[in-house]
Amino acid sequence: MNRLQRMLLALALAAPLAALATQPDKVTRGKYLVTTSGCNDCHTPWVMGPKGPEPDMSRMLSGHPESMQLPPAPQPSGPWIVSAAATNTAWSGPWGVSFTANLTPDAETGLGKWTQANFTQTIRTGRHMGRGRAILPPMPIPMYKHFTDADLEAIFTYLQSIPPVKNRVPEPIGSAAKVASK
Ligand code: HEC
């Protein structure tokens, strides 16, 4: 093989090899994206720490705690129209009351039985598993639907690698229920 042939062969091999992200690469990239895209801000329950409220990482990404008893949400008339519970996991607004989902791989209460396609289609379409009820605010679907397929694969691969937490998040209530049944 002459020099030119070697160069062409190297070029031909480089592109497909770069596209083949390995499983550990995906977990690392997914962790980075989940951390910097704020998923813990809403999906990890917040507790009061020494310096103020902070996500309780012992319950990382397990969603709104099922044990938390909440009184009816305030009904403001605006311009302050959104309220959040102390955990940052329950939200009330013009859409009703929504509770952040359990994103851990628990099979019964989290994403344990989800496939990559279920996850990608949920984020792309803004509907549960791509065909169920509409995903309510404040889940940033309008922004996250712009993630690339590779990013959504990395995020889902990472989410499937974290410790499972058994926590059954309640269904949305109020006007959310109407949106939900559409
Ligand atoms: C500003 C708060 C907020 C942020 C940030 C946020 N979420 Fe959410 N997310 C929610 C809420 C609230 C729901 C529940 C909405 C509902 O019940 O319709 C939700 C629902 C979801 C669902 C749907 C679960 C299902 O069963 O259909 C997935 C998947 C999800 N979030 C993943 C993520 C990921 C991944 C990130 C970070 C990249 C993230 N979320 C960041 C608030 C948030």
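1. A residue is buried if 20 or more other C-beta atoms lie within 10 Å of its own, exposed if 12 or fewer, and partly exposed in between. Leu-70 has 15 C-beta neighbours inside 10 Å, so Leu-70 counts as partly exposed. Note that this is a predicted model.

2. Where does Leu-70 sit? Its place is in the loop between strand S2 (52-55) and strand S3 (83-84). Leaving aside residues up to four places away in sequence, Leu-70 touches Ala-85 and Ala-90. Take the second of these partners. Leu-70 and Ala-90 are 20 residues apart along the chain, and their C-alpha atoms are separated by 9.1 Å.

3. Leu-61 is found in the loop between S2 and S3. Its phi is near 60°, a positive value in a residue other than glycine. Is Leu-61 buried or exposed? Leu-61 counts as buried, because 26 C-beta neighbours lie inside 10 Å.

4. The loop between S2 and S3 also holds Pro-79. Gly-78 and Pro-79 are joined by a cis peptide bond, with omega about 5°.

5. Now the loop between helix H4 (116-125) and helix H5 (141-144), where Pro-138 has its place. Which residues does a cis peptide bond join here? They are Pro-137 and Pro-138, and omega is about 0°.

6. Met-129 is in the loop between H4 and H5 as well. Phi of Met-129 is near 55°, which is positive in a residue other than glycine. Met-129 has 14 C-beta neighbours inside 10 Å, so Met-129 counts as partly exposed.

7. Turn to the ligand. How many residues surround the ligand? There are 22, and the closest are Cys-39, Cys-42, Ala-101, Leu-136 and Met-139. Which helix gives the most to the shell? Helix H3 (residues 39-43) does, with 4 residues.

8. What is the make-up of that shell by class? The shell around the ligand has 14 nonpolar, 7 polar and 1 charged residues.

9. For a pass through the model, start with the backbone. Inspect the cis bonds at Gly-78 and Pro-79 and at Pro-137 and Pro-138. Then view the positive phi values at Leu-61 and Met-129. Finish at the ligand, with Cys-39 and Cys-42 among the closest residues.

Conventions:
Residues numbered from 1 in each chain as written. Predicted model: local features only at pLDDT ≥ 70, side-chain atom pairs only at ≥ 80, totals over all residues. Helix = DSSP H or I, 4+ residues; strand = E, 2+ residues; numbered from the N terminus. Contact = placed C-beta atoms within 7 Å. Near = placed C-beta within 6 Å. Nonpolar A, V, L, I, M, F, W, Y, C, P; charged D, E, K, R; others polar.
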